[in-house]
Amino acid sequence: MTDLLNEIADLKARENAVILAHYYQDSEIQQLADFTGDSLKLARAATTVSQPTIVFCGVHFMAETAKILNPGKRVLLPDLLAGCSLADSCPAAQLARYQYMLRENGRRFQTVTYINSSAAVKALSDWVVTSGNAEEIIRRVPEDSEILFVPDRHLGQYLEEVTGRKMILWNGACMVHEIFSVGDLLALKRKLPQALTIAHPECPANIREQSDFIGGTEGMLKYVAKFDEPADFLVATEANMLWQLQSKFPRHRYHPVPGITCACNKCPHMARNTLEKLRDCLANHTPEISWQPEFDRAREVLQRSLLN
């Protein structure tokens, strides 16, 4: 392991590269990253780095976003097959047909798209949001315009609740957050009655209803930071987030909320990135995210939504 870490460090220096890692990456990748964060934090961080090469340890749409916001930089992704179930649930051609149908029926709407989507879908959108800025963006949409929210129906339902805006919801969901077991959560709450439950808004309503705090990963960190005395937290999000919570606030105890079929939920797409693949992509300059025609329009939307 030490030799591998030294190899990565040497290659990073040779290539003058910067490593960005999402909170859902394995702990060993988060530990060596220059920046860790959620999608919003990392998208913004990508625009501030001076290095010519960005290695994005996350999933494909995140690396795409980094390239879109940094056209002149080389953006590498350790595994090009690191995808996203939410992005897959909303193909651009299908969204375009649905938008056309709505317009043909006289519906006036703006399309608000969760960042967990392809660049082609972002190019069809009026706004792109993360769990960290979605509520703020929703409130920017004029009241006389309907909102088509894609692709996560659970996040959309949550935003309906907190903003009071009724939306047209696309029928997508995150494969990790959708399979949390409310029965197991209730059993954990009985076992640890003093514990507080924190849940990602991608979780279904039955999990959110049992939670003390609902928010994205950055929101979870801020919430936990408020508690000075040691406390127990039941965490309903991707299991690697527990390492980030533990490393920043070790005074607390963190318990993963089980999924229906396993003790904890890990994203199989995030797990495709490994230290070996990180080393290889630095050494070989591949897989690289190349510029696509739809990136120009997606860039306009991303800059307006995330950077302004």
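These legends describe several close-up views of one predicted model.

Residues are numbered from 1 along each chain as its sequence is written. In this predicted model, local features need pLDDT of at least 70 and side-chain atom pairs count only at pLDDT 80 or more, while totals for chains, interfaces and linings use all residues; side-chain values use heavy atoms, with hydrogens and water left out.

**View 1. Helix H4 meets helix H15.**
H4 covers residues 60-69 and H15 covers residues 295-307. Helices (H or I, at least four residues) and strands (E, at least two) are DSSP runs, numbered from the N terminus. The two axes come within 9 Å and cross at roughly 90°. Axes are lines fitted to C-alpha atoms, for helices over the stretch in contact, and angles run from 0 to 180 degrees between N-to-C directions. H4 is therefore roughly perpendicular to H15 (65 to 115 degrees; under 35 is roughly parallel, over 145 roughly antiparallel, the rest oblique). From H4, the residues at the meeting are Glu 64, Thr 65, Lys 67, Ile 68 and Leu 69. From H15 come Phe 295, Ala 298, Arg 299, Leu 302, Gln 303 and Leu 307. Contact means heavy atoms within 4.5 Å. By class, this contact has six nonpolar, two polar and three charged residues. Ala, Val, Leu, Ile, Met, Phe, Trp, Tyr, Cys and Pro count as nonpolar, Asp, Glu, Lys and Arg as charged, and the others, Gly among them, as polar.

**View 2. Leu 306 in helix H15.**
Leu 306 is found in H15. Its relative accessible area is 0%, so Leu 306 is buried (buried is under 20%, exposed over 50%, partly exposed in between, with a 1.4 Å probe and protein chains only). Leaving aside neighbours within four places in sequence, Leu 306 is in contact with Leu 40, Ala 43, Arg 44, Ile 115, Val 128, Thr 130 and Asn 133. Gln 31 is 275 residues from Leu 306 in sequence. Their C-alpha atoms are 26 Å apart in space.

**View 3. Thr 113 in strand E5.**
Strand E5 spans residues 109-114 and includes Thr 113. Thr 113 is buried because its relative accessible area is 0%. Residues up to four places away in sequence are not counted here; beyond them, Thr 113 touches Val 121, Ser 125, Trp 127, Val 128, Val 129 and Val 150.

**View 4. Arg 304 over Trp 127.**
Arg 304 lies over the face of Trp 127. The distance from the ring centre is 5.2 Å. A charge sits over a ring if NZ of Lys or CZ of Arg is within 6 Å of the ring centre and within 35 degrees of the ring normal.

**View 5. Aromatic rings.**
The structure holds seven aromatic pairs. Rings of Phe, Tyr and Trp (its six-membered ring) pair if their centres lie within 6.5 Å; planes under 30 degrees apart count as stacked, over 60 as edge-to-face and the rest as tilted. Tyr 223 and Phe 233 pair edge-to-face, at 6.4 Å centre to centre with 80° between the planes. Tyr 223 is in helix H12 (residues 217-225), and Phe 233 is in strand E11 (residues 232-236), ten residues apart. Tyr 223 is buried because its relative accessibility is 14%. Phe 233 is buried too, at 0%. Another edge-to-face pair joins Trp 291 and Phe 295, at 5.2 Å centre to centre and 80° between the planes. Trp 291 is partly exposed at 32%, while Phe 295 is buried at 1%. One aromatic cluster is formed by Phe 213, Tyr 223, Phe 227, Phe 233 and Tyr 254.

**View 6. Two cis peptide bonds.**
Val 150 and Pro 151 are joined by a cis peptide bond, with omega about -10°. Pro 151 sits in the loop between strand E7 (146-150) and helix H9 (153-163). A cis peptide bond also joins Thr 286 and Pro 287, with omega about 0°. Pro 287 is in the loop between helix H14 (275-284) and H15.

Asn 16 is not a glycine, yet its phi is positive, about 50°. Asn 16 lies in the loop between helix H1 (2-15) and strand E1 (17-22). Asn 16 is partly exposed, at 41% relative accessible area. His 285 also has a positive phi, near 60°. The loop between H14 and H15 holds His 285, which is partly exposed at 29%.
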